[in-house]
Amino acid sequence: MPEHAPSDFWWRTAAIYQLYMRSFADGDGDGTGDLAGARARLPYLTDLGVDAIWFNPWYASPMADAGYDIADYRAIEPVFGRLADADALISEAHGLGIKIIIDVVPNHGSDAHPWFAQALAEGPGSPVRERFWFRDGRGPDGGEPPNNWQSIFGGPAWTRVTEPDGTPGQWYLHLFAPEQPDFNWGNPAVRTEFEDVLRFWFDRGVDGIRIDSGALLTKDPALPDVSPDEPPGPAHPFTDRDDVHDIYRSWRAIADEKPGRVLIGEIWLPDAQRTAAYVRPGELHTVFNFPYLSCPWDATALRQVIEEALALNAPAGAPATWVLSNHDVDRPVSRYGRADTHFDLARRRYLHGFPVDLALGTRRARAAALLTLALPGSVYIYQGEELGLWEVQDIPDELRQDPIWRRTGGEDPGRDGCRVPLPWSGTEPPFGFSPPGSPGEPWLPQPKEWRDYTVAAQSASAGSMLALYREGLAMRRHEGALRAESGLDWLPARDGVIAFDRGDVRCVTNLSEQPAGLPPHAEVLLASDPLADGQLPPDTTAWLRA
Ligand code: NOJ
């Protein structure tokens, strides 16, 4: 193992910006964000004060699931640019002191991946079909899917193919959309291929890998029916099986070939103990904290989630991670502005019918931002969170692109509402997202109200969400105690209030409906909204010098 320098542990306390490239900045004027746009806006991210960028998948893809359907893991999607642009971006970011994390999608590929095309062409029994999950159907003519598994995007998890001779043929498994066939991780070619993909990108200078759908990779080869009540874990046929950990042990050995590289798991499980198993020594470095992301705006629940995250990561020596949102969930400003403030994937369709109090949601999102930035470990900011953008709920049906929308027959609005292109400047769409006079419209329409939420408008306003994020990130970077990866001491607080010390910085959040007294302090360092008569108003966080 190579020697480690302190800087190799950058990821333990990093502020990581999630850059959803399609919606970040459009450099070539076609209405879709790209690498040229991202490169041009790197100074924005240095000003914001982040340490790393996580890019959602940037590979060649038919975009059936916004790039999570990958046709070539070693090529950049032409709409985004070329490999040379990615190389340039990596080196420019490094020059600015920013690390680059990319998304690898190992559970499934695209139906346009050459392996899948070959598997279809070669027919049943071909060794290439073994790299996926092809099976004969059930029923007299094989017309029923091989088992009862359902796609996470709705509908059956199996699609029947037409064989090369034109007859209805076998079925293949796709836990997501039909355009995303699942790889068979029991097949050695799959393991070798992905180990090579990791090395390909690490050799290009990438610092970290976010692992998509990390708990789903291995399946029970008998492919038994599953009961909807079966909890993820060793007995589940496709979620959180014990053998998935072998894969991450071999990936960790690859990451460890050079110091400072990190593996981050998207391990979306209800059981925090099972999630913590992924950060055992020799496996992943960190996992996303989904309990924190889904937690309602409630002091007791939040404190419990924070305590649990710290307790579960500690034995493995892993830092906790803190994340309020991402490209798959409702934006916090909207979530916190509804009567029900927790996020539940299964209930998205129902929540979208409920009114949102944006002023309240924004106030809470500001308080949540400072609370999050005060916690020990690494923190993620999903693009647009720093601008206080809301979930766009009125996207016209014909413009919606998320497969969840189509696969549920329009019942679930899907995730387009948190993926709307960013407003940068100006008073009319595309708000500087595309260069002036561009032929392409933004791929999703931006609300006209975002004229007051552009980067330019917020840069000029001391009370804006952007100003709060800039100040919070700068203070987190310079206050040693805040930036430390551990050390959180709870302070006594009344119901509805969370208070803790990070060394000589004291963080207090009032989640109740009454003003709260402040604990003893020498100075107010930063507050998410103005204090009133020395009291902390409802839905406000303050950082104090103890
Ligand atoms: C999780 C990703 O975050 C999501 O956007 C994607 O649709 C699924 N995995 C399938 O890859």
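**Exercise 1. Which residues line the second largest cavity?**

Solution. The model is predicted.

Step 1: The lining of the second largest cavity consists of Leu324, Arg331, Pro332, Val333, Ala365, Gly384, Glu385, Gly388, Leu389, Met465 and Tyr469.

Step 2: Sorted by class, this lining holds seven nonpolar, two polar and two charged residues.

Step 3: Helix H10 (332-335) and H15 each contribute at least two residues to the lining of the second largest cavity.

Step 4: The space in the second largest cavity amounts to about 70 Å³.

**Exercise 2. Determine how helix H12 is oriented relative to helix H15, and identify the residues through which H12 and H15 meet.**

Solution.

Step 1: Two packed helices are described by the angle between their axes and the distance between the axes.

Step 2: For helix H12 (residues 358-373) and helix H15 (residues 465-478), the axes cross at roughly 10 degrees and come within 10 Å.

Step 3: Angles under 35 degrees count as roughly parallel, and H12 and H15 are therefore roughly parallel to each other.

Step 4: On the H12 side, the contact involves Thr362, Ala365, Arg366, Ala369, Leu370 and Leu373. On the H15 side stand Met465, Leu468, Tyr469, Gly472, Leu473 and Arg476.

Step 5: Eight nonpolar, two polar and two charged residues make up the contact of H12 with H15.

Step 6: Among the residues of this contact, Ala365, Met465 and Tyr469 are also found in the lining of the second largest cavity.

**Exercise 3. Describe the largest cavity and its lining.**

Solution.

Step 1: The count of cavities of 30 Å³ or more comes to five.

Step 2: The largest cavity has a volume of about 200 Å³.

Step 3: Its lining comprises 18 residues, and Thr275, Asn289, Pro291, Ala309 and Asn313 lie nearest the centre of the cavity.

Step 4: Helix H7 (272-276), helix H8 (290-294) and helix H9 (299-313) are the elements that give two or more residues to this lining. H9 gives the most, with five residues.

Step 5: The lining of the largest cavity divides into 13 nonpolar, four polar and one charged.

**Exercise 4. Relate the largest pocket to the domains of the chain.**

Solution.

Step 1: The domain assignment gives domain 1 (6-108 + 188-465), domain 2 (114-173) and domain 3 (488-545).

Step 2: The largest pocket has a volume of about 1,200 Å³ and a lining of 38 residues, with Ile152, Phe153, Phe176, Leu216 and Leu345 nearest its centre.

Step 3: Domain 1 and domain 2 each supply at least three residues of this lining.

Step 4: By class, the lining of the largest pocket has 17 nonpolar, twelve polar and nine charged residues.

Step 5: The C-alpha centres of domain 2 and domain 3 are 57 Å apart.

How values were computed
Residues numbered from 1 in each chain as written. Predicted model: local features only at pLDDT ≥ 70, side-chain atom pairs only at ≥ 80, totals over all residues. Heavy atoms only, no water. Domains from an automatic or database assignment. 1 Å grid on protein atoms, 1.4 Å probe; cavity = no way out; pocket = protein on both sides within 12 Å on 5 of 7 lines; lining within 4 Å. Points joined across faces, edges and corners; volume = space filled by probe spheres on them. Nonpolar A, V, L, I, M, F, W, Y, C, P; charged D, E, K, R; others polar. Axes fitted to C-alpha atoms, helices over the stretch in contact; angles between N-to-C directions. Helix = DSSP H or I, 4+ residues; strand = E, 2+ residues; numbered from the N terminus. Parallel < 35°, antiparallel > 145°, perpendicular 65-115°, else oblique. Contact = heavy atoms within 4.5 Å.
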